[in-house]
Amino acid sequence: MNAFFIGMLIALALLIVVYLYRVIQGPTVFDRVLGLNGISSKAIILLVLIGTIYERVEMFVDISTGYALLNLVGSLAIAKYLEQKRGA
Amino acid sequence: MNVYANLSLVLLLILTAAGAILIKDLIGAVLVLGSYSFFLALLWAWLGAVDVAFTEAVVGAGLATVLFLLALFLTVPLEQKGQLPRGQWPAFVGLPLLGILLLYIAEDLPKFGDPLSPSNTHLAPDYLMHSLPATKTPNVVTSVLMDFRSLDTLIETAVIFTAGIATACLLRTSRHDSHTR
């Protein structure tokens, strides 16, 4: 079962690399925002998976929840910033 | 397995850090910096420092992004072409030498997780044995922060609140200026 989880971990990490390419290379800001959102949605799952491997899920669920909540705040801030720049 | 996971995370860290420096568009740099601190949080989690990972994920990936964007709200989001100051060769020579020195010293540090290292023989067992009976808190890190060193934490909180109040005052005046203009 542990090998299954580690395989999932590696697959998600490879997916994150694809998103990371878009974040670093991405020609427009929107590409970067979407890439970061993709990374963070993978990140939440990845943190829970690490917790499952270490058998300390309850601790890692806390981390991933906090990360998800603050990531929402970050996305809202970026959206508000872009809207403000449009209007100006 | 463990070493390869560490190595790949460190490589991603270096990649994102270099990206954050090299990208000219400052909003993009902020976003790349957010992914950088996420990888840092993942590395802490993988090494077992769950509390540090929690702080890094919340402060680095969440709050710092918002703070940087607030700073960009009030300024121009373009990197200034600055003239590099002359006479930089001491930095080019000195910093690699410092790195080599640090790597050389790191050889003498105790191995990661060594039970006989000084920090694991004096202070840590004491806290591990006495924190649950003394403070009734299952998390040792929390009991050290909130009970054994509560005065420290209180004064740190006072410092952070003072800094926050000062920042709020500064930001308020500049926003007022932009409205009247």
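This is a predicted model: local features need pLDDT of at least 70, side-chain atom pairs count only at pLDDT 80 or more; totals for chains, interfaces and linings use all residues.
Two residues are in contact here when heavy atoms of one lie within 4.5 Å of heavy atoms of the other.

From α2(B) come L26(B), I27(B), V30(B), L33(B), G34(B), S37(B), L40(B), A41(B), W44(B) and A45(B). Facing them in α3(B) are V52(B), A53(B), E56(B), A57(B), G60(B), A61(B), T65(B), F68(B), L69(B) and L72(B). By class, this contact of α2(B) with α3(B) consists of 15 nonpolar residues, four polar and one charged.

Two packed helices are described by the angle between their axes and the distance between the axes. For α2(B) and α3(B), the axes come within 8 Å and the crossing angle is roughly 170 degrees. Angles over 145 degrees count as roughly antiparallel, and α2(B) and α3(B) are therefore roughly antiparallel to each other.

The other helix pair joins the two chains. Helix α2 of chain A, residues 29-54, packs with α2(B) at an angle of about 5 degrees, and their axes are 10 Å apart. Angles under 35 degrees count as roughly parallel, so α2(A) and α2(B) are roughly parallel to each other. On the chain A side, the residues involved include V29(A), R32(A), L36(A), I50(A) and Y54(A); among those they meet in α2(B) are I27(B), G34(B), F38(B), A45(B) and W46(B). The contact of α2(A) with α2(B) has 15 nonpolar, three polar and one charged residues. I27(B), G34(B) and A45(B) take part in this contact and also in the contact of α2(B) with α3(B).

The whole interface can now be considered. The contact draws 33 residues from chain B and 34 residues from chain A. Chain B and chain A bury about 2,900 Å² between them, with 86% of that area on carbon and sulfur atoms. The side of chain B that touches chain A receives at least two residues from each of α1 (2-22), α2 (26-47) and α3 (50-74) of chain B. The largest share of that side, 13 residues, comes from α3(B). Its classes are 24 nonpolar, seven polar and two charged residues.

Terms used
Residues are numbered from 1 along each chain as its sequence is written. Chains are lettered from A and ligands numbered from 1 in the order in which they are written. Side-chain values use heavy atoms; hydrogens and water are left out. Buried area is the accessible area (1.4 Å probe) that two parts lose on being put together, summed over both. Helices (H or I, at least four residues) and strands (E, at least two) are DSSP runs, numbered from the N terminus. Ala, Val, Leu, Ile, Met, Phe, Trp, Tyr, Cys and Pro count as nonpolar, Asp, Glu, Lys and Arg as charged, and the others, Gly among them, as polar. Axes are lines fitted to C-alpha atoms, for helices over the stretch in contact, and angles run from 0 to 180 degrees between N-to-C directions. Angles under 35 degrees count as roughly parallel, over 145 as roughly antiparallel, 65 to 115 as roughly perpendicular and the rest as oblique.
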